[in-house]
Each structure stands twice: as structure tokens, then as C-alpha cells.
Amino acid sequence: MSLNLNEALQTFFAESRALLRDMEDALLRLEGAPDDADALNAVFRAAHTIKGSAGLFGLNAIVAFTHEAESVLDMARDGRLRLNDAVCGLLLQCRDHVELLLREAESGEELTEAARQHGDTLTERLLQLHGPGRGTLAPLAPDTAEPLRCGGSPVDNDGWHISLRFDPGVLRNGLDPMSFIRYLGTFGRIARIVTVLDGMPRLADLDAECCHLGFEIQFVSDCDKQAIEAAFEFVRDECQLRILPPGSRVHDYVRLLDELPGDKLRLGELLVACGAVTKRELDAALQEQQRVDLGPPLGQVLVGDKVVRPEVVNAALNKQNEMRARQPQDGMFIRVHADKLDALINQVGELVIAGAGVGLLAQRNKDSALQEAMSSLSRLVEEVRDGAMRLRMVEIGETFNRFRRVVRDVSKDLGKNVELVITGAETELDKSVVERLGDPLTHLVRNAMDHGIEPADVRASRGKPMHATLELAACHEAGHIVVEVRDDGGGLDRERILAKAIERNLIEAETQAQLPDTEVWNLIFEPGFSTARQVSNLSGRGVGMDVVKRGIEALRGNVEIESVAGRGTTIRIRLPLTLAIIEGFLMRVADVHLVVPLDMVLECVEIGAALPPGQDYFDLRGEVLPLLRLREHFGLQGEPGRRQNVVIVNTAGRKAGLVVDELKGQFQAVIKPLGELFARVHGLAGSTILGSGEVALVIDVPGLLESAQRAYRKAGLRPVPGTPSSGPAAQLSKSMTAGLIG
Amino acid sequence: MQVSTEQRGTLHRLRLEGDLDIYAAADLKTALVDALSTPHELEIDLAQISAIDTSGIQLLAAAKREALDTGKTMRMVNHSAAVVELIELYDLAGWFGDPLWLPQASQNGGTA
């Protein structure tokens with residue numbers, strides 16, 4: 001087919017997917033609160049829109065199936081069907097089936113036999129629900145649609161409806177609308193009159209001698225149509241006169257709307273205002289008109305909600321193929337291809353680098369005017385950068401909400417009663433991060449429900465509430481986003497993990513008692529802890545935890561576990577907010593430039609010659625601060641400078657000092673990935689280009705501290721037995737104390 | 001039609017007199033545009049209007065809408081019987097939103 005249709009089809013698929021998501025959300029809401037009219041309307045709207053659009057593209061399977069679901073929804077809206085759990089469950093399955101049908105249409109693949117049968121079963125069950133009365137609603141062929149049925153029911157009012165639009169020239173010709181309307185009053189009663197001011201230009205542009213008014217009149221009289229027409233005899237040629245006799249059908253009014261100029265929604269309101277039709281009648285008729293236009297007519301006027309909002313009327317008025325009035329907030333968003341955004345971010349990155357280059361030149365040339373101009377330019381560049389980055393930011397709530405369905409389904413499968421609590425849904429992070437977070441999160445959520453949360457009887461015997469709680473939480477923390485998956489289950493089993501680890505030769509049996517909890521928990525991230533047989537006798541997680549960890553590390557994030565036996569487990573994922581540009585702190589070691597994320601830097605201290613070589617701790621105002629000498633760590637050549645500086649960094653609540661030669665200050669780093677050669681180098685997150693064109697390496701602080709910790713361990717420095725430990729940095733500190741004591 | 005204006009503090013008072021019909025329409029428009037161009041609250045005294053037709057009410061409506069759009073206060077007071085009659089015929093009382101005083105026995109005797 002033509003390219004255009006193909007594009008439209010892609011839009012249809014994209015929008016349908018969004019609609020299905022809305023539908024799922026709304027259905028899950030309905031499950032909790034069956035009387036939520038908004039949610040019900042949302043479900044209906046989604047089904048209806050998908051059906052209508054599918055009809056346009058000739059996707060008959062979708063139309064036919066959605067139609068049945070819609071009939072059931074229709075009954076629910078009329079209050080003829082109570083939405084209990086069973087119905088919601090059925091509708092959720094129907095939603096999934098529609099998704100399947102859409103995927104089939106998109107890929108052009110045939111449905112599997114099982115899927116088709118499932119669809120038939122669903123249709124059967126839907127038909128059962130909407131009963132014999134509705135079951136006989138065989139779609140009428142569009143061309144034989146019965147006029148009577150389509151005409152709608154007679155309107156509930158007993159007057160004539162007169163619709164008047166005067167030509168501008170009437171006043172100049174000495175004809176004044178008021179005299180005609182007064183004259184009407186001599187042979188009948190003007191029940192209601194609405195003066196239509198919409199055609200009137202602004203005061204400044206108004207020709208004072210022209211008439212811009214119109215009138216919608218509800219006129220009660222037992223005269224005939226001719227008498228009314230005669231009243232307007234004199235202005236016959238200078239006005240548009242439409243007269244609807246008493247008892248006209250709603251559809252005549254709808255036709256009137258079609259004929260009159262101006263915004264239909266507004267006109268519809270006018271008709272309602274002057275009492276010609278009720279909102280309900282109008283809405284019902286409009287919806288029906290729409291059905292006649294689009295799909296098999298239902299043959300019965302859909303009775304809308306009693307409270308019909310204007311946008312619903314509007315939606316009904318729009319032809320189905322203009323899907324613009326779907327939701328009121330839709331107008332506030334535009335769809336942009338992700339590639340365009342990426343290209344923009346890239347260019348902003350280049351701009352930042354180029355700006356740094358110019359700034360450097362301005363400084364070298366000591367041209368103060370240029371420097372001043374440069375500083376305001378860099379402020380703007382910074383704002384542009386932040387704005388561009390914000391474009392990519394999305395709320396994590398959408399990702400979290402997907403888990404409502406997962407939790408619902410898994411808890412039904414397992415027979416566990418689990419409630420999902422979401423906090424911090426409005427926390428924003430980079431879209432590319434969000435996208436790659438879905439899989440690890442799914443893993444963690446399933447694990448928590450499967451292994452973490454105990455069966456109901458065990459919970460009861462432990463005196464816990466039957467209702468288990470699974471919490472997904474997100475918050476910002478120093479340039480990072482922290483995502484937590486928390487359950488109130490049994491917690492990890494230390495002994496079993498240790499036994500497993502010893503069996504697998506991951507640790508030595510005699511050291512197991514000394515191993516702090518955090519290290520024990522980290523064992524479950526080891527590959528091989530995750531095969532099915534081992535999981536079954538491990539009672540804890542382990543299913544693909546190494547995959548989870550790798551996924552998170554690929555995003556420059558880290559995972560940590562907190563677990564209290566009998567009370568539950570928290571898995572905390574820490575991710576950088578963005579993958580592209582960061583505010584960094586630039587420093588130099590030997591001739592290498594290094595950058596750490598600025599929000600991790602707590603302070604900088606000069607240590608001068610006070611520090612003896614080889615000492616890897618430092619007294620920071622009475623606190624023992626572990627030091628990492630970057631020169632030694634990275635094996636850099638050259639003599640250290642006379643004065644050394646310590647950059648104190650903070651990550652995940654732990655402090656450590658990095659010993660460097662020179663502090664260079666704040667720097668905007670556009671992060672470029674390192675080549676594959678460096679894939680095995682720990683502690684580096686990427687590279688960036690300085691204004692001078694030199695390359696600086698971006699330090700991955702948590703990774704760096706961890707690899708330093710490993711190096712210490714290899715060197716035989718074990719943590720002091722019995723002292724609590726909370727992680728790499730503390731670990732460093734511990735090993736230093738060990739060194740001191742030893 | 002005669003127009004007189006009066007400035008009392010932040011209140012700009014426009015007093016219209018005579019017939020607000022198509023012959024006066026152009027003048028009325030100028031008067032209204034001028035009155036709305038001041039930053040002040042606008043009060044239009046209609047006590048001395050002996051007759052009004054569609055062009056007159058249309059201008060008043062346009063002025064009112066302008067005032068609403070620009071966030072200004074425009075108020076019509078002391079409607080004469082002729083004005084009340086037309087506003088009621090067109091059912092615009094609610095739209096204008098000004099309290100309508102029932103006309104006194106004397107045709108043109110606006111309330112003080």
C-alpha cells in the first residue's frame with residue numbers, strides 16, 4: 001500500500017499500545033473500586049477507539065473481538081452489569097488478546113492455534129455476559145441501516161426550535177432582529193432564547209453598523225410552520241432560518257449542528273442551553289452517529305453517562321479517524337522520534353566541548369571582555385544542556401505501574417496475597433535508563449514474590465499480616481536515582497547461602513563466620529548461583545541475579561542488598577541520572593586528567609608533606625578516612641608533586657579520599673564511551689574531551705572503590721573479625737585499621 | 001446620543017444619554033473603545049437611555065467581552081427601562097452579569 005497508509009498504520013499500532021496500557025491501568029483500578037466511573041470510561045474509550053481505528057484499516061479480527069468486549073463494557077456503564085473480580089479478570093484477558101491480535105497484525109504472523117482458541121473462549125464468555133438480548137445484535141450491513149433506529153428517539157420538548165443567523169447587512173437595511181423576535185411573541189411564547197455572540201468580532205474590529213448576532217429560540221405555539229416563516233418574511237433573504245417542528249428527532253438537531261457554521265461543540269452547548277435537547281440526548285445521538293459511520297451499527301442508541309463532559313461530546317463529534325480528542329491532556333504532548341532527541345543531545349554535547357575550548361582560549365589571551373562574554377555564553381550553554389537533558393527525562397511511575405499487573409498475576413498464580421505499594425513514582429530519570437531498567441526490575445519483583453514472600457500459612461505462623469507488601473520506591477540522591485524493591489518476606493538465609501558458596505568453592509569454610517552479611521548477600525550475584533536445582537534448595541533468590549547485576553552495571557549503576565531474617569529484604573539499585581553529560585570535578589594525576597561526578601565530591605583537602613609515603617589512611621578532623629592513591633592504583637609514572645591533594649568523595653553513604661596531584665575545578669563532562677579495549681578496566685566510566693582537546697577519564701567512583709577493595713583483599717588484608725562492615729569504603733577503612741593494629 | 005465621562009479615583013464612569021441606535025453606533029463604539037483603553041474600572045451609566053436597538057446591545061456585549069478577555073472590570077448600572085426590556089428579550093442578563101434594577105415608574109428616571 002502507499003507509504004502514507006503504512007505510516008498511519010504505524011501510528012495506529014503505537015497509539016493502540018498506549019491505549020492498551022491505559023486500559024490495563026484502568027482495569028486494575030476498577031478491580032479495586034468497581035464504581036470508579038472515570039476508570040470505566042477510560043476502559044470503554046480505549047476499547048472503542050481501538051475498534052474504530054482497526055475498522056479503518058480493515059483489521060476485522062480486532063473489530064469483531066473488541067466489539068464484544070465493548071458490549072460488555074457498555075452494559076457496565078449502564079449499570080446493567082456489576083464489575084466483579086471475575087469480569088475484570090476476563091476483561092484483562094481480553095485486553096491481552098487484543099494486544100496479541102495487534103501484534104499479529106503488525107508482524108503479519110498467523111496466530112497460533114492455542115491463541116485462536118483462547119480468543120474464541122473469551123468471545124464465548126463475553127457473549128454469555130451480555131446475554132441473549134444483546135447476543136442477537138447481529139451487525140447490520142451499513143447500507144441497510146434502518147433509518148428509524150438511526151433517527152434516534154424524539155426529543156423531549158414540546159416547542160418549535162428556531163435557529164436564526166442574521167446577515168451583517170440587516171441593520172443597515174433598517175431591519176432589526178429585535179422586532180422580528182418581538183413579533184414572534186405576539187402569536188406564541190418564547191420559552192427560551194439564546195443569543196449567539198460567537199460570531200461577533202473583537203470590539204476594535206467590529207463594524208458597529210453590522211449585525212453579528214444569531215439566535216437559538218425555543219418557541220411554544222400551536223401555529224404552523226408557515227406562520228413562523230411568515231414572521232421572518234422581510235428578512236427572508238438576509239438571514240439563515242431553520243425551523244424544527246415540535247417532536248423532532250435528535251438527529252434532526254444533529255444535522256442542524258452539521259449545517260450551522262462554527263464550532264460544533266459550542267453549538268451543541270447552545271442547543272442544550274436553550275432547552276432544545278438535553279445533553280444526554282445529544283450525546284447519545286452523536287455517539288450513535290459515530291457508530292453508524294464506522295463500524296457495524298449497534299442498532300441501539302448508546303445511553304451515555306448522566307454526566308457527560310464537553311470533551312466527550314467533542315470526541316463523539318470528531319470523526320473516528322481523527323483521534324485527537326482522546327484525552328484532554330493529549331494536546332499537551334507531542335510525539336518526537338527518540339533519534340531526534342539523541343541527535344540534539346549529541347550536538348549539545350559537542351557545543352559544551354566547543355564552548356570549553358573557547359573558554360580556554362579566552363583565558364589564555366587574557367582578554368577580559370571576551371572572558372566576560374564567554375561566561376554569559378557558558379551560562380546559556382549550561383541552560384540549554386539542562387533543558388535538552390530534561391527532554392529525555394521521564395517519570396519512573398510508568399515503569400512501576402507495569403508491575404501492578406505482574407504482581408496481580410503472579411500473586412494469583414502463587415496463591416499469595418501481595419499488595420504492591422509504589423512510592424516516588426514522579427521521580428524522573430533518563431529514558432534510556434528507564435528502558436533498560438524494566439528487565440532487571442521484573443526479575444527482582446518476581447523473585448521477591450516467589451522466594452521472598454512466604455506462603456500465607458507460614459506468614460500466619462510467624463505472626464505477620466496475611467497481606468504481604470511489596471514496595472517499589474524511587475528517589476533522588478546526589479546525582480543518582482535510587483530504586484528499591486522491598487518485600488516483607490522471610491529475608492535471605494545466611495546459612496544456606498554460605499553452605500552453597502562453600503560447596504561451590506566460592507569461599508573457604510573456615511572464614512565463613514567472619515564474612516559480613518553484605519558480602520554473604522553479594523554471593524547470590526555470583527554466576528552459577530542461579531540454576532534451577534540450586535534455587536530450589538537455596539530457598540532464597542538466585543534466579544538470574546547475576547544477570548540483574550550485569551544489567552545494572554551496564555548502566556553504570558550498582559546493586560546492594562539489605563536483609564533481615566524474618567523481616568524482609570530490600571534490594572537497592574543506584575543508577576546515574578543520565579548517561580550523557582554530567583557536572584564533573586576535574587583533577588590531574590601525573591599527566592592524566594581525571595573527572596569525578598561533582599555531586600559525589602564532598603570537599604578537597606591539601607595534605608602537603610604531612611603524609612608519609614605508603615600510609616593509606618588520613619585523619620580527617622578526628623575521623624579515619626581511607627585513602628586511595630590514584631597514582632599507585634592506576635600505575636602512573638612520574639614523581640608525585642610536592643603537595644598532594646585529597647578529594648573526598650561520598651558514594652552510597654561511604655566516604656573515601658582520592659589522592660591526586662592537582663585540582664582543576666568544576667568541569668562539564670560530555671561522557672563518551674570507552675572503547676572495547678577498556679571493557680575490563682574497572683573504575684572507569686568513560687572518557688571526555690577537555691577544552692584543550694585532551695582526553696580526560698571519567699571515574700566510576702563505586703566501581704573504583706570496589707576494585708581497590710578487591711586489591712586489598714588480594715594483598716591479604718582481611719577485614720577485622722567481628723567489626724560490622726557496610727561496604728567497600730568501610731572495608732577500606734577496616735583494612736587500614738587492621739594494618740594499624742597489625 | 002451624548003457621552004460624558006467622569007473620573008473618580010480608579011473608577012472611570014461613562015454616562016450615556018439619548019438613543020443607542022444604529023445612527024449612534026459608530027460614536028458609541030469609539031466611546032467604548034476609548035473607555036476600555038484606560039486602566040481603570042469602567043462603569044457605564046445607562047439611566048438616560050431612551051431607546052436602544054440591536055446595534056447598541058451588540059456594542060455593549062462586545063465591550064463586555066473585551067473587558068472579560070483583558071481582565072478588566074466593566075459594569076453597567078442604572079439600566080433604563082428600554083435597556084432592561086431589550087436585555088430581557090435577548091435573555092442576556094445572565095451573560096452581562098450586572099444586577100438589573102426594576103425600572104422606576106418614570107420612564108427615564110434612573111435610580112441615583
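This is a predicted model: local features need pLDDT of at least 70, side-chain atom pairs count only at pLDDT 80 or more; totals for chains, interfaces and linings use all residues.
A residue is called buried here if its relative accessible area is under 20%.

**Entry 1: cysteines.** I looked up Cys239(A) to begin with. Its relative accessible area is 10%, so Cys239(A) is buried. Cys210(A) counts as buried too, at 9% relative accessibility.

Next I wondered how many disulfides there are over all chains. The count comes to zero. A disulfide would need the two sulfur atoms within 2.5 Å.

**Entry 2: where the chains meet.** I moved on to chain A and chain B. On each side I find 26 residues in contact with the other chain. Together the two chains bury about 2200 Å², and 62% of that is on carbon and sulfur atoms. On the chain A side, Met200(A), Leu203(A) and Ala208(A) lose the most area to chain B, together making up 28% of what that side buries.

**Entry 3: charges and polar pairs.** I got two salt bridges between chain A and chain B. I noted one where Arg202(A) pairs with Glu66(B), with the closest N and O atoms 2.6 Å apart. Across the interface, 13 residue pairs are in polar contact.

**Entry 4: what chain A brings.** Helix H7 (177–184) and strand S2 (189–196) of chain A each give at least two residues to the side touching chain B. H7(A) has the largest share, with four residues. Sorting that side by type, I get 16 nonpolar, two polar and eight charged residues.

Notes:
Residues are numbered from 1 along each chain as its sequence is written. Chains are lettered from A and ligands numbered from 1 in the order in which they are written. Side-chain values use heavy atoms; hydrogens and water are left out. Contact means heavy atoms within 4.5 Å. Buried area is the accessible area (1.4 Å probe) that two parts lose on being put together, summed over both. A salt bridge is a side-chain nitrogen of Lys or Arg within 4 Å of a carboxyl oxygen of Asp or Glu. A polar contact is a pair of N or O atoms within 3.5 Å; within protein, one must be able to donate a hydrogen and the other to accept it, and residues adjacent in sequence count only if both atoms are side-chain atoms. Ala, Val, Leu, Ile, Met, Phe, Trp, Tyr, Cys and Pro count as nonpolar, Asp, Glu, Lys and Arg as charged, and the others, Gly among them, as polar. Buried means under 20% relative accessible area, exposed over 50%, partly exposed in between (1.4 Å probe, protein chains only).
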